[in-house]
Amino acid sequence: MAYNRLTEFIDKLEQAGELIRIKTPVSADLEITEITDRVSKLPHTRNKALLFESVEGSQFPLVVNLYGNPQRMAWAMGVEDLEELNQRLAKLIDLKLPKGMGPMMNRGMEVFDALRRIGLGPSKTTKAPVQEVVISNNPDVNIFPILKCWPHDGGKYITLTSVITRDPGTGTRNVGMYRVQVYDGQTLGLHWQRHKGGKEHEEAGKLRNQQKIPVAIVLGGDPAAMWCGSAPLPPGIDEFLLANWLRGKPTTFVKCVSQDLEVPANAEIIIEGWFDPNEHRMEGPFGDHTGFYTPQDLFPVMHVTAITHRKDAVYPTTIVGKPPMEDLWMGKATERLFLPLMKLFMGEIVDYAMPAEGVFHNLVIVSIKKRFSGHAQKIMYGLWGLGLMMLTKAFVIVDADVDVHDTAAVAREVVNNVNWRRDVTVVDGAVDQLDHSAIEDSYGGKVGIDATRSTRTEFLNPYLSPAPIPSDKLTELVGSKWCETHQTLIVALDKTHLKPRETMHKIWELCPDYNVIIFDAFVDINNLSDVVWRALGNTDWRRDITFSRDTVDHYASGDLPRSFIGLDATSKTAEDGHPRGWPEEIFMAKEIVKKVDEHWSAYGLK
Ligand SMILES: Cc1cc2nc3c(=O)[nH]c(=O)nc-3n(C[C@H](O)[C@H](O)[C@H](O)COP(=O)(O)O)c2cc1C
Ligand SMILES: [Mn+2]
């Protein structure tokens, strides 16, 4: 299903009861965030896309949360159910696999060639709806209702972008969804991170001494094409090929009015400009999808040379923050679509999942048809070398019959099968630039947990029934803020009095059969989802782990005593071996929460 423009998709959502129009005037300064955040966290049936028709200070309506539940995300991709993405691509690949890694890689490239063929050739026009209005004299992006998302953000941000660049050497196009900071009406910050396509083009431009590299920010278009910039395609593969395949129809391009670049003719808004690979400026802070503010850092500056838009353009945006939010479902589409590609390289993979609490890069659960000892390790090492999967901070590998989307089932496998003395692989390497716990920027400790059941060649590790917890003694030691779940003690600790690592060993003297996770004193230990999110986000898997018995010893044989793991999931300072500062957690300003409380019935939301 191809949509001719974004408003067709909006109409479809409205007819299906998946979109709410809000006519009450609202502010782009935090108010829309607070409303959207509340709606994003509702159950699927009440979680709607929101069309704000009247945003103070702008003539353009704003749409948000378009992709915010599985149904809308599926419709955006042209399917009824996200699982169809997996099936459609699997069919395209057809699993008559050649043998050996070399031919296999070629087979992978053939898939993209197939996409290219289905990509249905380039189509160009000179009369584009997105150029109905052309502003090349003093363009100012502030005409759009651009949001300030969170109270401590460094400014306003354009978020639901497709940022188009061409490699200054090869001319290959890249499309990336990167947030864009507004410094002023004509000066923007391009937040492409270290491992991304835009960054690669920046480096290529620097090498060639090119001072003005064209860049275009696309807003709106076909909802599948709008999503494609977030797909982690291999470098050198044009994201529009994927968009065309999903739509079953080519994208029609038009030349920019002020830059040597092409953009989709059916978009709502285009911001054209250039950047100099030698010019950088502090970007941020920004309340990010990790649930924390990403601190300031240097990123390239875009100089706007023109803005074009439809006469009746709608401004699309998204808000990220503490999960779950809209980006969870955008990531879910990626997860389903990339499953057949992962299986192409590693046929023993059955399924995988990226739960919301893991914010994509912090946790990936994989089920495999295990045939030998070390099979789980084969998979984790393979995935740590596969595209952006390299950034995964923790893999949990389970057997084929475990449903990876059922986190309780996965937790059971971990509790029952993992001997932390034997079944963990700790490595160092690249982590996401947004990872705040890593010991260095973009580099830190990662873990692979083999939670498969033992085979004959491995040591059997019968599940131990843990000895009861001496509650009074434990409370005496750590205070009253502790609880137990999944054979794991969750403790909120006053770090000014007790050191996490020493405390873990003292806890193990009382409770030898439990994993221990230590949080800051302020954490609500009874909110399991919050606890998991924090544990995954705040842990560097080399610096912050402790084992109850010795260290990991894969060669240990015979009657192997079971070891448990301790995680220091507290906020870290230089004293804790974390020299680079700790980010601030995202909270909405109290006065905005109050304002939205007071206006809630006026918005027409249930
Ligand atoms: C809502 C949303 C916002 C994103 N913002 C950024 C960003 O600001 N910077 C970035 O490098 N990646 C961001 N990403 C992730 C990239 O879009 C993703 O890694 C994509 O694969 C990049 O494309 P590329 O490989 O062509 O660079 C975002 C993803 C989503 C869903
Ligand atoms: Mn790319």
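Predicted model: local features only at pLDDT ≥ 70, side-chain atom pairs only at ≥ 80, totals over all residues.
**Around ligand 1**
- Oxygen atoms of ligand 1 lie 2.6 Å from an N or O atom in the side chain of tyrosine 178, 2.8 Å from a backbone N or O atom of methionine 177, and 3.0 Å from an N or O atom in the side chain of glutamate 239.
- On its own, ligand 1 has 630 Å² of accessible area, and the protein covers 86% of that.

**Aromatic pairs**
- Phenylalanine 60 and phenylalanine 144 form a tilted pair, 4.9 Å centre to centre with 50° between the planes.
- These two residues are 84 residues apart in the chain, so the pair links distant parts of it; phenylalanine 60 is buried at 2% relative accessibility, and phenylalanine 144 is buried at 3%.
- Tryptophan 384 and phenylalanine 395 pair edge-to-face, because their planes meet at 65°, with the centres 5.3 Å apart.
- Tryptophan 384 is in the loop between α10 (375-383) and β21 (394-399), and phenylalanine 395 is in strand β21.
- Ring pairs also link Phe60, Phe144 and Tyr315 into a cluster.

**Charges over rings**
- The charged end of lysine 12 sits over the ring of tryptophan 75, 4.4 Å from its centre.
- The charged end of arginine 173 sits over the ring of phenylalanine 253, at 4.2 Å from its centre.

Conventions: Residues numbered from 1 in each chain as written. Chains lettered and ligands numbered in written order. Heavy atoms only, no water. Polar contact = N/O pair within 3.5 Å; in protein donor to acceptor, adjacent residues only side chain to side chain. Areas by Shrake-Rupley, 256 points an atom, 1.4 Å probe, with all protein chains shown as cover. Phe/Tyr/Trp six-rings, centres within 6.5 Å; stacked < 30°, edge-to-face > 60°. Helix = DSSP H or I, 4+ residues; strand = E, 2+ residues; numbered from the N terminus. Buried < 20%, exposed > 50% of the residue type's maximum accessible area, 1.4 Å probe, protein only. Lys NZ or Arg CZ within 6 Å of the ring centre and 35° of its normal.
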